[in-house]
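The sequence and the structure come first.

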Amino acid sequence: MIAPPRPSNPDPIVQSNYRIEDLVFQTRELVVYRAQHRDGTPHALIRLNFSAEICENLQKQDRFPKGLDQLLILRHPSLRPVVDGGLDSIDAHPWLATQWFEGPLLSELEMTQADLDHLRAQAEDLINALGYRAGALCFTPTEIVTTTAADGQALHTFAIDYFSWFRD
């Protein structure tokens, strides 16, 4: 397991707005924490570990703010929305905060044909809504969180592949 970024020197914006509760997922490129915003709402706090060259390009070419602005307005019932983000003031690595959805990952569920049809319909609706940007969606079962919608139906929530999003 790779050690998470050092919490002894966190970005001041993240530190003042979020309290990290738990490490949820980690790879060399990505760290996801369950965090609580200062208003008490749960979020997923995501740190993207791009190469130094990509971080520099995100800053110089104004790509990160433009991509972040697009993510902040992007809304769909099946998409985990980005609600905050920035570039770490210490090392310029991007971070994002998304709405937290409680529920099992799709990979943990046994699904009937009706469940699969429902999942496919939600995914197709999301693809149609995103248009050409749908190429930046994550469709792996370990990335899809299943929760319950207001009508009692299963709601499969998808995430954006932020590496693709910011490289495009």
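## Basis of the values

The model is predicted: local features need pLDDT of at least 70, side-chain atom pairs count only at pLDDT 80 or more, and totals for chains, interfaces and linings use all residues. Residues are numbered from 1 along each chain as its sequence is written, and side-chain values use heavy atoms, with hydrogens and water left out.

## Overall fold

The chain contains five helices and seven strands. Both kinds of element are DSSP runs numbered from the N terminus, helices being H or I with at least four residues and strands being E with at least two. Their order along the sequence is α-β-β-β-α-α-β-β-α-β-β-α.

The C-alpha trace spans about 50 × 35 × 30 Å along its principal axes.

Of the 168 residues, 41% count as buried. Buried means under 20% relative accessible area, exposed means over 50%, and partly exposed lies in between (1.4 Å probe, protein chains only). The accessible surface of the chain comes to about 9600 Å², and 52% of it belongs to carbon and sulfur atoms. Accessible areas come from the Shrake-Rupley method with a 1.4 Å probe; for residues, only the protein chains shown count as cover.

Among contacts (heavy atoms within 4.5 Å), those between residues 24 or more positions apart account for 55% of the contacts with a separation of 6 or more.

## Helix α3

Helix α3 covers residues 63–73, and its buried residues are F64, G67, L68 and L71. Seen down the helix axis, these buried residues fall within an arc of 100 degrees, so they line one face of α3. The arc is that of the directions from the helix axis to the C-beta atoms. K66 and I73 are exposed on the other side of α3.

The buried residues of α3 pack against two helices, α2 (52–60) and α5 (162–167), and against two strands, β4 (82–87) and β5 (94–99).

## Salt bridges

The structure has seven salt bridges. A salt bridge here is a side-chain nitrogen of Lys or Arg within 4 Å of a carboxyl oxygen of Asp or Glu. One of them pairs R34 with E21, whose closest N and O atoms are 3.1 Å apart. This pair links distant parts of the chain, with R34 in strand β2 (residues 30–37) and E21 in strand β1 (residues 18–26), 13 residues apart. R34 is partly exposed at a relative accessible area of 23%, and E21 is partly exposed at 35%.

R34 also forms a salt bridge with E102, at 3.3 Å from N to O. E102 lies in the loop between β5 and α4 (113–130) and R34 in strand β2, so the pair ties together parts that are 68 residues apart in sequence. E102 is exposed, with a relative accessible area of 55%.

Within helix α4, D117 and R120 are three residues apart, or about one helical turn. Their side chains meet in a salt bridge of 3.3 Å, N to O. D117 is partly exposed at 32% relative accessibility, and R120 is partly exposed at 45%.
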